[in-house]
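Trainee: Could we go through this model together? I would like to begin with the terms.

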Amino acid sequence: MNGQSRLRQAQEGVEEVKVIMLDNLNKADERSGKLGELENRADQLLEKSKSFSKTSTKVKQKKRWENNKYKYIIAAVVATVILIIIVAVAMSLSKEGTITPTVKSEAEGGG
């Protein structure tokens with residue numbers, strides 16, 4: 001009996017180890033599946049981050065162009081106003097220059 005008792009205890013011990021090992025294998029398999037899912041998510045996140053980076057670069061360039069466009073428009077308007085003022089002053093001075101000699105001519109002729 002002592003021999004059979006030891007054999008039975010050994011078999012029970014082996015059975016316990018077998019159950020624990022099967023449980024560990026199942027857990028390892030689950031972890032493997034979860035790691036696969038995590039890897040897929042990481043790949044998707046990487047692709048989305050690349051897409052976001054491209055989109056943000058395009059938006060940055062678009063906004064920079066819009067900002068520069070407004071600066072160019074304002075500069076053109078200011079240049080146009082300055083040009084109009086210069087032309088108006090030049091025309092005014094030109095008219096004054098033509099009137100003054102005419103007045104002198106009449107004064108010389110009449111006088």
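Mentor: Let us begin with exposure: a residue is buried under 20% relative accessible area, exposed over 50%, and partly exposed in between, using a 1.4 Å probe and protein chains only. This is a predicted model, in which local features need pLDDT of at least 70 and side-chain atom pairs count only at pLDDT 80 or more, while totals for chains, interfaces and linings use all residues. Residues are numbered from 1 along each chain as its sequence is written, and side-chain values use heavy atoms, leaving out hydrogens and water.

Trainee: What does the secondary structure of the chain come to?

Mentor: The chain has 1 helix and 0 strands. Both are DSSP runs numbered from the N terminus: helices are H or I with at least four residues, and strands are E with at least two. Helix α1 covers residues 2-110.

Trainee: Where do aspartate 23 and lysine 27 sit in helix α1?

Mentor: They are 4 residues apart, so about one helical turn separates aspartate 23 and lysine 27. Aspartate 23 is partly exposed at 35% relative accessibility, and lysine 27 is partly exposed at 39%.

Trainee: What about lysine 63 and glutamate 66?

Mentor: Lysine 63 and glutamate 66 are 3 residues apart in helix α1, so about one helical turn lies between them. Glutamate 66 counts as partly exposed because its relative accessibility is 23%.

Trainee: Which residues form the nonpolar patch on the surface?

Mentor: The patch consists of Tyr70, Ile73, Val77, Val81, Ile85, Val89 and Leu93, with about 650 Å² of accessible area together. Leucine 93 is exposed, at 53% relative accessible area.

Trainee: What lies over the face of tyrosine 70?

Mentor: Lysine 69 does, at 5.8 Å from the ring centre. The rule asks for NZ of Lys or CZ of Arg within 6 Å of the ring centre and within 35 degrees of the ring normal.

Definitions and conventions:
Patch = residues over 30% accessible without salt bridge, like charges linked within 9 Å, V, L, I, M, F, W, Y side chains within 5 Å. Areas by Shrake-Rupley, 256 points an atom, 1.4 Å probe, with all protein chains shown as cover. Salt bridge = Lys/Arg side-chain N within 4 Å of Asp/Glu carboxyl O.
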